[in-house]
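Keep the viewer open while you read.

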Amino acid sequence: MAMAMTMQLKLFFGRLRRRSEREEEEMMTEPPTISSCEHSTTSCERSVATSSTCSTVLSSSSILQRIDSSDAIKSEGTTSDCPSCWLCLEEGSDTSGKPLIRNCSCRGTSGYAHISCIVHYAEHKGRQGYGSSNHNFNNVCRYFKFCPNCNQEYQNDVQCDLSKAMVSFVERKLHDGTPRASYLRIVALVDRLFVLSAGSNNAGTSEGQVICSKLMFLMDGMDSVMKARTYYALGCFYSSSGSLKKSKAYLETARNLLQDADDDSDSSVRDIADIEIKLNCSSASSDVDSLRSRYEETLAKSGREPTLTIDAGVALAKALHGSDRNIEAEKLLANLLATSRRVHGQDHRCTKSAATALQGLSNEFLEDPSSTDSKFGDIDGWF
């Protein structure tokens with residue numbers, strides 16, 4: 001009897017010990033939860049230990065939640081698809097409230113920048129170029145004119161703003177009285193005058209008049225090629241402002257200076273051809289022949305994609321239209337527009353120029369359906 005009682009007690013205490021060991025093992029293997037932290041009442045020591053572990057789990061969970069949400073944003077593409085300034089890497093407007101801009105041939109989300117960042121970057125590169133041994137205009141002022149990402153000229157409002165900033169930079173920072181500083185100032189002023197001449201409004205007329213006065217004052221220190229370039233810019237500006245008689249006089253002077261200079265550089269040859277076209281614009285057949293020669297020469301040298309080729313093609317197409325060669329003009333413009341859209345983008349100046357010219361042909365046919373020379377369809381059908 002006593003032995004049986006002893007055996008039962010041993011079994012009871014054995015089961016009790018194993019149960020206790022099992023509970024301790026479960027406590028060691030199962031992570032504590034917030035609810036166990038809040039409601040545990042078994043002992044003071046267990047409450048303190050569980051509370052400490054619980055705070056650790058809570059902070060880790062918060063961190064993981066932030067990481068997960070960040071990964072979710074990236075996977076959805078909401079941050080990576082937002083354009084940012086390639087110079088300061090900031091999204092949205094700059095400190096003065098001016099938005100990100102892009103008016104070159106960059107595509108996708110590349111090439112966006114704040115105009116203030118571009119000016120700061122261009123001035124920094126300009127000072128570096130001016131301090132180097134090779135301080136020509138291209139090294140000093142290139143970054144005011146060309147995007148360093150796609151290596152194409154800035155267009156439209158960006159081109160206008162940067163050409164003005166370039167003149168300001170040269171006149172404020174590079175005024176050491178040396179011949180190279182004077183030369184850079186002349187080239188910057190001439191470039192600004194060409195930009196104002198190409199503008200579609202009269203907002204820059206007063207500024208252009210001031211630049212013309214400055215260039216006439218600086219004319220004595222120029223060589224013949226620089227004088228010709230200056231007279232060419234003056235002629236273009238007065239042509240755009242309606243002073244045709246003065247424009248013709250300046251253009252003829254520029255042509256004569258270039259011909260007398262015997263300069264065979266591509267820029268001089270191109271300038272002479274452009275001046276001849278402007279002077280002979282009253283003769284449609286002569287205009288077409290000159291423009292065709294220029295377009296074919298540019299096409300052979302540079303290919304189909306550069307803006308110079310597209311501009312020459314659009315000018316030829318307009319002249320063809322003026323000579324009632326509408327089918328040839330239509331096909332040329334359609335090809336130019338498709339190329340410009342693919343290479344330079346929908347909003348590029350060349351794309352808009354070709355699209356406007358082609359739309360003008362289409363509208364003219366719609367107004368006069370009796371025309372026998374061309375059968376215009378939907379413009380989008382060309383692409």
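Which residues line the second largest cavity? In this predicted model, the lining is made up of Trp86, Ile101, Arg102, Asn103, Cys104, Gly111, Ala113, Ile118 and Tyr154. Sorted by class, that gives 6 nonpolar, 2 polar and 1 charged.

The count comes to 2 cavities of 30 Å³ or more, and here's how they line up:

| Cavity | Volume | Lining by class |
|---|---|---|
| Largest | about 70 Å³ | 5 nonpolar, 2 polar and 3 charged residues |

Over at the largest cavity, the lining is Phe144, Lys145, Glu153, Tyr154, Gln159, Leu162, Ser163, Met166, Asp191 and Val195. Helix 5, helix 6 and helix 7 (179-197) are the elements that each put in two or more residues. Helix 6 has the largest share of that lining, with 4 residues.

Now for the helix packing. Helix 5 (residues 137-145) and helix 6 (residues 156-173) pack at an angle of about 140°, and their axes are 9 Å apart. The crossing is right-handed. On the helix 5 side, the contact uses Phe137, Val140, Cys141, Phe144 and Lys145, while helix 6 brings Leu162, Ala165, Met166, Phe169 and Val170. That contact is made of 9 nonpolar residues, no polar ones and 1 charged.

Terms used:
Residues are numbered from 1 along each chain as its sequence is written. This is a predicted model: local features need pLDDT of at least 70, side-chain atom pairs count only at pLDDT 80 or more; totals for chains, interfaces and linings use all residues. Side-chain values use heavy atoms; hydrogens and water are left out. Axes are lines fitted to C-alpha atoms, for helices over the stretch in contact, and angles run from 0 to 180 degrees between N-to-C directions. A crossing is left-handed if the near helix is turned anticlockwise from the far one by less than a right angle, and right-handed if clockwise. Contact means heavy atoms within 4.5 Å. Ala, Val, Leu, Ile, Met, Phe, Trp, Tyr, Cys and Pro count as nonpolar, Asp, Glu, Lys and Arg as charged, and the others, Gly among them, as polar. On a 1 Å grid over the protein atoms alone, a cavity is a set of points where a 1.4 Å probe fits but cannot get out, and a pocket is an open set with protein on both sides within 12 Å along at least five of seven lines; lining residues have an atom within 4 Å of a point. Grid points are joined across faces, edges and corners, and a volume is the space filled by probe spheres set on the points.
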